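Visitor: Hello! Could you show me how to read this structure, step by step?

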Amino acid sequence: MKVLVIIEHDNETVKQSSFSTISAAKEISDSIEAIVLGQGIDSVINELKKSDHLKKIYKIDNELFQNPLAENLSKAIHKFTEGSDYTHILSPSSTFGKNMSPKLSALMDVQQISDITKIISDDTFERPIYAGNAIAKVKSNDPIKIITVRPTCFEPCALNSSVDVESLETNLDKNNLISFVSYDKSKSDRPELTSAKIVISGGRGMQNGENFRLLEGIADKLGAAMGASRAAVDAGFVPNDWQVGQTGKIVAPDLYIAVGISGAIQHIAGIKDSKFIACINKDEEAPIFNFSDYGLVGDLFELLPKLEEKL
Amino acid sequence: MKALVCVKRVIDYNVKIRVKSDKSGVETDNVKMSMNPFDEIAVEEAIRLKEKNQIQEVVILSIGTDKSQETIRSGLAMGGDRGILVKTEKDQLEPLTVGKIIKSVSDKEKPDLIILGKQAIDDDCNQTGQIVATLLEFPQATFASELKKNNDNTLEVTREVDGGLETVKINIPCVVTTDLRLNEPRYASLPNIMKAKQKKIDVLEIGSFDIDIKDRLQILEVNEPPERKPGIKVDDVDSLVEKLKNEAKVL
C-alpha cells in the first residue's frame, strides 16, 4: 500500500485541507508521499516539510502551475504516477480537489470515491450522500483508489518532522484551450461559510434584508460567518451565496446559530454536522428546535440586541 | 452554436430522505422525483443563451430508465428544443460510465457547449462534468456563477471557488458545470408544458453503446446518519450564553 497526497496551496502557504488529507492517508498506509505543483513554492515546501507521516515530497515548480488549472495539474500528476506503485491517490475535497481529481480519475479510468468522511479499510470508505441525510459504505474494486477527502472529518497532521524533497521537471505542453483571467478573493472580513468555526444564519423570520444588520453585530463579536436559509435567499433578503442547505453550502462549524429559521429538511441537511446548534424562533413548534442543542423561544427582534450585548 | 444540457432525475430536494430498512439504499418508491436542481440551472442558462441568439439549439440529454423522459420533458417545457434519452435498466450509473456515455453522444451531436449541474443532489459525487471534459479533451469551467460569450469563440466563466471567485477563459467547445448563483431557473408556463409534449425525444438503448456499464464501486450498506442528541430549550439570552460558554465551550 502506498499513498500519494496531492497538496493544495496558494503558492505561499499550505492549505489546512492538505494536512487533513495527510492524516486520512495515514489511516490507509504508513507509506505516504506528497506532490506539490506550483510556481515559486519554496515557502510552501518549507511548511510542508514539517508534516508528520510523509516519507517524501515531490516538487514541480513551473510557470504552468502558477494558477491551479485542472487541465495542467491532472495531466502532470497522471504523467508522474505512470509506472509508479501508488495504490491510493488522495486530494482534499475542496473546490481545488473537486475540480482536478475527477479529471485524474478519467485519465486513469478509475471511478473516484468522492468526499470520504471515514476510512474503514484500504478499499472501503464511508461517504455522505443526499447531503448527509444518508451515509453510504462503499468498496472500490478499482486497482488504484482515487479519493477526495472531506477535510473537516480528519484532524490536520502534526508538524514535527523534516521530510526529504525531490525536485522534478515537467515537459508538459501548455494547454491553450484555457487561460486564467483573475482571482477575486472574497472581500469580507468574515471567515468563509464552509470553514468558519461559528456560523450565524437568518431565515424568513428576519422579515427583510435590512434586519440582517441585527445578525452582523453578533457575527462581528464572534468572528462568525453569515448565512441564510433558502427562504431568505428566495425572498431576496441576502445574496445567493449565503445560502446554507442541501442546494447551498454544507457547513460543519463548532457552533451554528439559526435565527428565524423554521428548519426545513433542505436546510437541516446543510447544518446537521455542526458540533452545536442553537436557535432562536418565536414558533416553539418549529422543526428547528428538534435539531438544536439549545433553543430559545421568543421574538428575535427583542432577543438579538440582548444577545449582542451579552457577548 | 449548439448546447447539450445533461440532466438527472433525482429525489425532489424537498422530500425527506428515508433509508431502506435493509440498508440497501434510500426509499425511492412513491417518492416525488424532479430534475436535479443544479441541472435545472444548466437548462436555464442554455435557454438564456438561446434567447440572446448566442445559441441556436438546446438539446436535453438524460441517462436513466424510461421515467427520465419526464425529466427531459420538464427541460423541454422550460425551452429546450429536443431531447435524447439513453435508456438503461438501472436507475443509477456511476459518474465514469455516465461520462463515457455523454462523450459518445457528444461525438455524434457535436455540441459547442456541454452544460450540466456541478453535482447531483442524490449521490453528491461532483465528477461528471470534469470526466466529460477530460474524455473529450475540452476545457472545463466548473462551479460557474457567471458566464459570458466573447466574440472570439471563447467563454469567460466566473467560478465559485473556496475563498473567492476565479475567472477563466475557455475555448469553445467546452464543458461548464453550474453553481447556485448562476441564475434562477424559470417555471414552465402551462402553454409551454403543452408545447413540450410535441417536442421530439430520441430514445437510444444503452446496449447500442460500446461501453462497459459495470459498477466499480460496491455499495455495501447505506445507513442513517448518527442522530443528534435531543437538545433543550433555554429560558433567556443569559442562559443561552451561559450554556454556549460553559457547557458547549464554543464561545
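Guide: Gladly, and we begin with angles: those under 35 degrees count as roughly parallel, over 145 as roughly antiparallel, 65 to 115 as roughly perpendicular and the rest as oblique. Axes are lines fitted to C-alpha atoms, for helices over the stretch in contact, and angles run from 0 to 180 degrees between N-to-C directions. Helices (H or I, at least four residues) are DSSP runs, numbered from the N terminus. This is a predicted model, where local features need pLDDT of at least 70, side-chain atom pairs count only at pLDDT 80 or more, and totals for chains, interfaces and linings use all residues. Residues are numbered from 1 along each chain as its sequence is written, chains are lettered from A in the order in which they are written, and side-chain values use heavy atoms, without hydrogens and water.

Visitor: At what angle do α3(A) and α4(A) cross?

Guide: Helix α3 (residues 70–81) of chain A and α4(A) cross at roughly 45°, and their axes come within 9 Å. Therefore α3(A) and α4(A) are oblique to each other.

Visitor: Is the crossing of α3(A) and α4(A) left-handed or right-handed?

Guide: A crossing is left-handed if the near helix is turned anticlockwise from the far one by less than a right angle, and right-handed if clockwise. For α3(A) and α4(A) the crossing is right-handed. Contact means heavy atoms within 4.5 Å, and the residues making it include Leu73(A) and Ile77(A) of α3(A) and Met100(A) and Leu104(A) of α4(A).

Visitor: Which helix of chain B does α4(A) pack with?

Guide: Helix α4 (residues 95–107) of chain A packs with helix α4 (residues 128–136) of chain B at about 50°, their axes 8 Å apart. This crossing is right-handed. Among the residues in contact are Pro102(A) and Ala106(A) of α4(A), and Ile131(B) and Leu135(B) of α4(B).

Visitor: How much area do chain B and chain A bury between them?

Guide: Buried area is the accessible area (1.4 Å probe) that two parts lose on being put together, summed over both. Chain B and chain A bury about 7,000 Å², with 56% of it on carbon and sulfur atoms. Tyr13(B), Arg216(B) and Arg228(B) supply 11% of the area that chain B buries against chain A, more than any other three residues. The contact takes 75 residues from chain B and 83 from chain A.

Visitor: How many salt bridges are there between chain B and chain A?

Guide: A salt bridge is a side-chain nitrogen of Lys or Arg within 4 Å of a carboxyl oxygen of Asp or Glu. Between chain B and chain A the count is 8. Glu160(B) forms one with Lys249(A), where the closest N and O atoms are 3.8 Å apart.

Definitions and conventions: Helix = DSSP H or I, 4+ residues; strand = E, 2+ residues; numbered from the N terminus.
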